[in-house]
Amino acid sequence: MNKLPDLFFKRFQSVQVPALGFGTFQLEGETCRNAVGKALSLGYRHVDTARVYGNEDQVGAGLRDSGLNRSDIFVTSKVWLDHLKAPALLKEVMTSLELLQTDYLDLVLIHWPNPDVPFDESFRALEELKTQGVVIQYGVSNFPPSLLSGAINAGEVFCNQVEYHPFLGQDRLLEIARENDIMLTAYSPLAQGGVIGHAELEGIADKHGKSSGQIALRWLIEQDQVVAIPRSSKPEHIEKNFDIFDFALDDEDRAKIAALPKNRRRINPGFAPDWEEE
Ligand SMILES: NC(=O)c1ccc[n+]([C@@H]2O[C@H](COP(=O)([O-])OP(=O)(O)OC[C@H]3O[C@@H](n4cnc5c(N)ncnc54)[C@H](OP(=O)(O)O)[C@@H]3O)[C@@H](O)[C@H]2O)c1
């Protein structure tokens with residue numbers, strides 16, 4: 001790519017982040033390494049992993065295979081909810097760095113809230129890592145509005161990563177993100193494959209010569225504060241998901257997507273917070 005297209009990068013709190021990242025949940029072994037390598041060779045510059053995915057070594061191998069400078073890639077990892085007290089958190093982040101074989105993480109997230117550990121304690125540890133230069137930004141994931149507001153008061157939250165796609169609304173979180181210049185990372189942006197072949201989205205896709213998945217991803221990144229991190233194990237899907245920078249949705253398309261049911265949450269484990277809590 002010679003000239004970067006509009007929306008390739010977005011800026012939050014003066015930090016530039018590639019709007020389309022690559023998700024790695026459930027990618028393992030060589031599949032993971034090759035998928036990350038493929039994504040980077042196609043132009044992705046943002047990769048999302050987590051301690052609990054068990055694939056940071058393979059993600060790191062993919063990063064190195066790319067031959068890119070580390071500073072050209074935005075890398076996120078996450079600390080699981082049973083390691084949020086300061087000593088455990090510090091250790092977990094160090095393990096991420098070792099497995100990824102990198103000197104720093106662009107972003108570290110609290111993967112899920114843990115009601116037994118106050119944010120302040122985790123944030124103090126994250127601040128320490130920031131001072132050491134091994135964490136550039138920190139944030140949260142799966143925080144509903146009330147918890148996000150509390151977290152913003154307790155620390156320098158850069159991001160909230162939550163499920164977001166055409167079948168799930170996140171209006172209040174977006175409002176808070178916009179008020180505080182927080183990045184909202186849309187996880188499961190393809191509704192874990194659910195958007196593929198969806199009739200209404202296919203209609204919009206046909207109009208633009210695109211696919212329903214590309215419509216969902218474009219719809220997300222066109223929104224203020226939003227970045228998206230689709231995952232795929234397949235080279236052809238990885239390529240297709242990245243091919244969203246040469247068209248734009250119009251008001252009619254957005255109205256059709258807005259009219260779809262917005263209550264189809266895919267990820268809701270037993271330990272999830274109360275999503276509706278204002
Ligand atoms: N913070 C959290 O708690 C949390 C939770 C969930 C996810 N995440 C992050 O968000 C990332 C994305 O979410 P996700 O993995 O849940 O789901 P997703 O990206 O919405 O969907 C992935 C699924 O869609 C399929 N797919 C991808 N591109 C496709 C295409 N062009 N055509 C047809 N099928 C396609 C993939 O299968 P193929 O492999 O066959 O392409 C896979 O089954 C994760 O990988 C992870 O990094 C974070």
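Helix H9, residues 235-242, gives the most to the shell around the ligand, contributing 3 residues; helices here are DSSP runs of H or I with at least four residues, strands are runs of E with at least two, and both are numbered from the N terminus. In this predicted model, local features need pLDDT of at least 70 and side-chain atom pairs count only at pLDDT 80 or more, while totals for chains, interfaces and linings use all residues. Residues are numbered from 1 along each chain as its sequence is written.

The ligand is surrounded by 27 residues, of which the closest are Gly-23, Phe-25, Leu-190, Arg-231 and Ser-232, a residue being near a molecule if its C-beta atom, placed from the backbone, lies within 6 Å of it. By class, this shell has 9 nonpolar, 14 polar and 4 charged residues, where Ala, Val, Leu, Ile, Met, Phe, Trp, Tyr, Cys and Pro count as nonpolar, Asp, Glu, Lys and Arg as charged, and the others, Gly among them, as polar.

The open sheet has 8 strands in the order S3-S4-S5-S6-S7-S8-S9-S10, with parallel pairing. S3 (22-23) and S10 stand at its edges with a single partner strand each, so one side of each is left without a neighbour in the sheet.

Further along this order, S6 (residues 105-110) pairs with S7 in the parallel sense over 5 bridges, and Leu-105 stands opposite Val-135 in S7. Because 6 of the 7 residues of S7 (residues 135-141) are buried, this strand is largely enclosed by the rest of the structure; buried means that 20 or more other C-beta atoms lie within 10 Å of the residue's own, with C-beta atoms placed from the backbone.

Helix H8 is likewise largely enclosed by the rest of the structure, because 9 of its 10 residues are buried, including Gln-214, Arg-218 and Trp-219. What covers the buried residues of H8 includes strand S9 (183-187), H7, strand S10 (226-228), H9 and helix H10 (251-258).

H7 (residues 199-208) packs against H8 (residues 212-221) at an angle of about 90°, with their axes 8 Å apart. The two helices are therefore roughly perpendicular to each other, a term for angles of 65 to 115 degrees. Leu-201, Glu-202, Ile-204 and Ala-205 of H7 make the contact with Ser-212, Gln-214, Ile-215 and Ala-216 of H8, contact requiring C-beta atoms, placed from the backbone, within 7 Å.

Conventions. Axes fitted to C-alpha atoms, helices over the stretch in contact; angles between N-to-C directions. Parallel < 35°, antiparallel > 145°, perpendicular 65-115°, else oblique. Contact = placed C-beta atoms within 7 Å. Buried ≥ 20, exposed ≤ 12 C-beta atoms within 10 Å, placed from the backbone. Pairing = 2+ DSSP bridges.
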